[in-house]
Amino acid sequence: MDRGDEVEELGGKLAAEMDPSGRDDISILAMQRLFNHQPNGPATPVDMVLDYFRYDYEFAEPPRVTSLQGTEPTATFADFGDDANFVADQRGFETLIYHIAGQYLRSDKSGNIVDPRVKLNKVVREISYDQRGVVVTTEDNSAYSADYVIVSASIGVLQSDLIQFKPQLPAWKILAIYRFDMGVYTKIFLKFPRKFWPTGPGKQFFVYASSRRGYYGMWQSFEQEYPGANVLMVTVTDVESRRIEQQPDNVTMAEAVGVLRNMFPDRDVPDATDIYVPRWWSNRFFKGSYSNWPVGVNRYEYDQLRAPVGGRVYFTGEHTSEHYNGYVHGAYLAGIDSADILMNKVLNNVEFKVRPKYDEEQKAEAK
C-alpha cells in the first residue's frame with residue numbers, strides 16, 4: 001500500500017504537468033511502469049488485489065484503459081473529501097429523487113408523483129428531428145411531439161441500438177459517443193443464516209487475494225448499518241461482471257461461498273440462503289454502470305457529447321460531466337448544465353459552442 005501511495009503521488013505530479021488538451025495523457029498502467037511499479041505482473045496476488053482496490057474498485061475498469069490525467073486527482077475526492085458513506089436509510093436512495101421531483105411535479109399527500117406529464121414504463125425507440133421540432137416514438141407505438149428533447153440515456157444505451165435517431169446522428173457525435181467506455185460495476189449481496197466473519201472496528205472490509213484479477217476480491221459486511229441482517233456484499237467489475245451476469249445465480253453463489261471458505265478456513269462457513277446479482281450490463285436500459293474517462297479525453301470530447309444536434313436534440317447524463325462523471329452528483333449537475341444550455345437557446349437564441357481541443361498557441365506548439 002505504501003508503494004502504491006508513493007507511485008500514485010508521483011502520477012499526480014506528472015498529470016499536473018501535462019497539457020490540458022489531453023495530448024500528453026497516458027494510462028494509469030503506463031504511469032506505473034514509468035515509475036517501475038508493476039503490480040499486475042509479474043506480481044503476487046496481494047499486489048494485484050491492492051492495485052484492484054486502488055483503481056478498478058473506483059473506476060470499474062483496470063489501469064490499462066483508465067486515464068492518468070482524468071483521474072489524478074479524482075475531482076470528486078479533491079472537491080468533496082475522501083469519505084464515502086453508505087446510504088443505509090430504509091427509505092432508499094430514491095427518496096432524494098422524489099424530493100427533487102416533488103419541487104416541480106404534481107404529487108399527492110403521500111409524496112407519489114401523479115403529474116400526468118410524466119410518462120412511466122415507456123421505452124423510447126426512435127427520435128425523429130428536423131427544423132420544426134422532434135417526435136419521440138415509443139415501443140408501444142405512442143408518439144410525442146415537442147419543440148426540443150433532452151436525451152438522458154446512458155452512454156452504454158447510446159452505444160447500443162435501442163434508440164434510433166432519424167436522421168442518423170452526425171459523424172462527430174457518433175465518434176464522441178464511442179470514445180467513452182461504459183464500465184460495469186456489480187455489487188453482489190449474499191445473505192447467510194448466521195454471522196461467521198470478523199466484526200468490530202477496522203473489520204468491515206476484507207480483501208481476497210486471488211491469482212485471478214478481480215475474482216470476488218472486495219468484501220464488505222453490514223453489521224454496522226443493518227445489525228443482525230447477516231449480509232455480505234462483494235464487488236466485481238469489468239470482465240468478471242460480464243461473466244457473472246451470464247451465469248445462473250446459484251453458480252455465482254457457489255463461487256462466492258467457495259471464496260469465503262478459502263478466506264476463513266478455520267471458521268464454519270455455511271451455505272448462503274439468498275443472493276442478489278444486479279445485471280447492469282445485460283439490462284438494455286443501462287448497458288453498464290457508469291462511464292470511465294479514457295486516455296486522451298478532455299473538455300472538448302465532453303462538449304461534443306453534450307452538444308445538441310440539429311438544434312433540437314440535446315444530451316445530458318453523468319457522462320457529460322467533465323469533473324464528476326461516474327457519480328450521482330455528476331449526473332445531477334450535468335442535468336442542470338444541459339437545462340441551462342437549452343434555456344439559453346430558447347430564451348436568448350444562444351447556440352452552444354464546442355470549444356476547440358487546442359487553442360491557436362497549442363496548435364502552433366504541436367506543429
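My entries below go from ground rules to domains, then to a helix, a sheet and a single residue.

**Ground rules**

I am working with a predicted model, where local features need pLDDT of at least 70 and side-chain atom pairs count only at pLDDT 80 or more, while totals for chains, interfaces and linings use all residues. Residues are numbered from 1 along each chain as its sequence is written, and side-chain values use heavy atoms, with hydrogens and water left out.

**Domains**

I looked up the domain assignment, whose bounds come from an automatic or database source. It gives domain 1 (3-73), domain 2 (119-182 + 288-348) and domain 3 (185-276). Taken over C-alpha atoms, the centres of domain 1 and domain 3 are 27 Å apart. I noted that 15 residues from domain 1 and 16 residues from domain 3 take part in their contact, where contact means heavy atoms within 4.5 Å.

**Helix α1**

My helices and strands are DSSP runs numbered from the N terminus: helices are H or I with at least four residues, strands are E with at least two.

Which residues of α1 are buried? I wrote down Gly4, Val7, Gly11, Leu14 and Ala15. Seen down the helix axis, they fall within an arc of 95 degrees, so they line one face of α1. That arc is taken from the directions from the helix axis to the C-beta atoms. For the wording, buried means under 20% relative accessible area, exposed over 50%, and partly exposed in between (1.4 Å probe, protein chains only). The buried residues of α1 pack against α2 (28-34) and α3 (45-54). On the face turned away from the buried side I found the exposed residues Asp2, Glu9 and Ala16.

**The sheet**

Next I followed an open sheet of four strands, in the order β3-β2-β1-β5, with mixed pairing. Two strands pair if DSSP finds at least two bridges between them. β3 (143-146) and β5 stand at the edges with a single partner strand each, so one side of each has no neighbour in the sheet. Ignoring direction, neighbouring strands are turned by 15 degrees against each other on average.

I then went through the pairs:

- β1 (residues 124-130) and β2 (residues 133-138) run antiparallel, joined by six bridges. They form a hairpin with two residues between them. Tyr129 stands opposite Val134 in β2, and Ile127 has Val136 as its bridge partner there.
- β2 and β3 also run antiparallel, with four bridges. Val134 has Ala146 in β3 as its bridge partner. Four residues lie between the strands of this hairpin, and Asn141 in the turn has a positive phi of about 70 degrees.
- β1 and β5 (residues 164-166) run parallel, with three bridges. Here Glu126 stands opposite Gln164 in β5.

Is Ala101 buried or exposed? Ala101 is buried, with a relative accessible area of 12%. I found Ala101 in helix α6 (residues 94-101). From Ala101 to Arg355 I count 254 residues in sequence and 32 Å in space, C-alpha to C-alpha.

Notes:
Axes fitted to C-alpha atoms, helices over the stretch in contact; angles between N-to-C directions.
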